[in-house]
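Have the structure open while you read.

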Amino acid sequence: MNSETVATVLCGLAILVGVAGTIIPVLPGSVLIGLSLLAWAIWGGAGTAGWVVFGVGLAFVLAGIAASAVLTGRKLKQHSIPNRSVVIGLVAGVAGMFIIPVVGLFVGFAAGLLLSEFLRTRDFGTATASSWAALKATGLGVLVEFGLACLAASTWVIGLWVSLAT
């Protein structure tokens, strides 16, 4: 096995981990995909096709990161949810990850967010509504970033086929 094959296999695995990382927050996500595409362009032996794949894939990765941040931020601002509540949710999510295996991150995030919103609003109904809106906004951002990460990964697969065919 030559070095270009090893680089291609490692980049493919890293891209797979990056796509999973857009859904599973403890794994690296879109940034890993972008770095993997760059590594493949440099060491994958695809030549010009590798750099075209890197450019197109990086555009998808950057669009995913930006869209996720913009969509989530706009929805949170629309529902007047402060950043403090999201940070408390994230901290509770990390704690939940160690307390409840597999689903603790998600349960902890939702519980921390609800608790923070309840302490802020002093009304359980309002806290529930704003927490639900924050969860939906976060989910939408993750979904958009995941979709664009899949497009970046698909770009790499197509580029791999093209480089193998030539």
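## Starting from Ser130

Ser130 touches Ile81, Glu117 and Arg120, leaving aside residues up to four places away in sequence. Keep in mind that this is a predicted model. Ser130 sits in helix 6, and with a relative accessibility of 8% it counts as buried, because the cut-off for that is under 20%.

Two of those partners, Glu117 and Arg120, also turn up on the helix 5 side of the contact between helix 5 and helix 6. So let's look at that contact next.

## Helix 5 against helix 6

How do helix 5 and helix 6 pack? Helix 5 covers residues 104-121, and its axis lies 8 Å from that of helix 6, at an angle of about 140°. That angle makes helix 5 oblique to helix 6. As for handedness, the crossing of helix 5 and helix 6 is right-handed.

On the helix 5 side, the residues involved are Phe109, Ala110, Leu113, Leu114, Glu117, Phe118, Arg120 and Thr121. They meet Phe124, Thr126, Ala127, Thr128, Ser130, Ser131, Ala134, Leu135 and Thr138 of helix 6. Sorted by type, the residues of this contact come to 9 nonpolar, 6 polar and 2 charged.

The loop between helix 5 and helix 6 holds Arg122. Its phi is near 60°, a positive value in a residue other than glycine. Arg122 is exposed, with a relative accessible area of 62%.

## Helix 2 against helix 6

Helix 6 runs over residues 124-165, and it also meets helix 2, residues 30-43. Here the axes come within 10 Å and cross at roughly 15°. Helix 2 and helix 6 are therefore roughly parallel to each other. Helix 2 passes helix 6 in a left-handed crossing.

Which residues make this contact? From helix 2 they are Ser30, Ile33, Leu37 and Trp40. From helix 6 they are Glu145, Ala149, Ala152, Trp156, Gly159, Leu160 and Ser163. By type, the contact of helix 2 with helix 6 splits into 7 nonpolar, 3 polar and 1 charged.

Helix 1 has its own buried set: Ala7, Thr8, Cys11, Gly12, Ala14, Ile15, Gly18, Val19 and Gly21. These residues pack against helix 2 and helix 6.

What about the lengths? With 19 residues, helix 1 reaches 26 Å from its first C-alpha to its last, close to the 27 Å expected at 1.5 Å a residue. Just after helix 2, Gly45 takes a positive phi of about 75°.

## Around the end of helix 3

Ser80 is another residue other than glycine with a positive phi, this one near 55°. Where does Ser80 lie? Its place is the loop between helix 3 and helix 4 (83-99). Ser80 is exposed, at a relative accessible area of 51%.

Gln78 belongs to helix 3. At 53% relative accessibility, Gln78 counts as exposed. Lys75 belongs to helix 3 too, but its 34% relative accessibility makes it partly exposed.

| C-alpha pair | Separation along the chain | C-alpha distance |
|---|---|---|
| Gln78 and Ala133 | 55 residues | 9.5 Å |
| Lys75 and Leu140 | 65 residues | 9.6 Å |

Helix 5 is oblique to helix 6, whereas helix 2 is roughly parallel to helix 6. The buried residues of helix 1 pack against helix 6 as well as helix 2.

Terms used: Residues are numbered from 1 along each chain as its sequence is written. This is a predicted model: local features need pLDDT of at least 70, side-chain atom pairs count only at pLDDT 80 or more; totals for chains, interfaces and linings use all residues. Side-chain values use heavy atoms; hydrogens and water are left out. Axes are lines fitted to C-alpha atoms, for helices over the stretch in contact, and angles run from 0 to 180 degrees between N-to-C directions. Helices (H or I, at least four residues) and strands (E, at least two) are DSSP runs, numbered from the N terminus. Angles under 35 degrees count as roughly parallel, over 145 as roughly antiparallel, 65 to 115 as roughly perpendicular and the rest as oblique. A crossing is left-handed if the near helix is turned anticlockwise from the far one by less than a right angle, and right-handed if clockwise. Contact means heavy atoms within 4.5 Å. Ala, Val, Leu, Ile, Met, Phe, Trp, Tyr, Cys and Pro count as nonpolar, Asp, Glu, Lys and Arg as charged, and the others, Gly among them, as polar. Buried means under 20% relative accessible area, exposed over 50%, partly exposed in between (1.4 Å probe, protein chains only). The expected span of a helix is 1.5 Å times one less than its number of residues.
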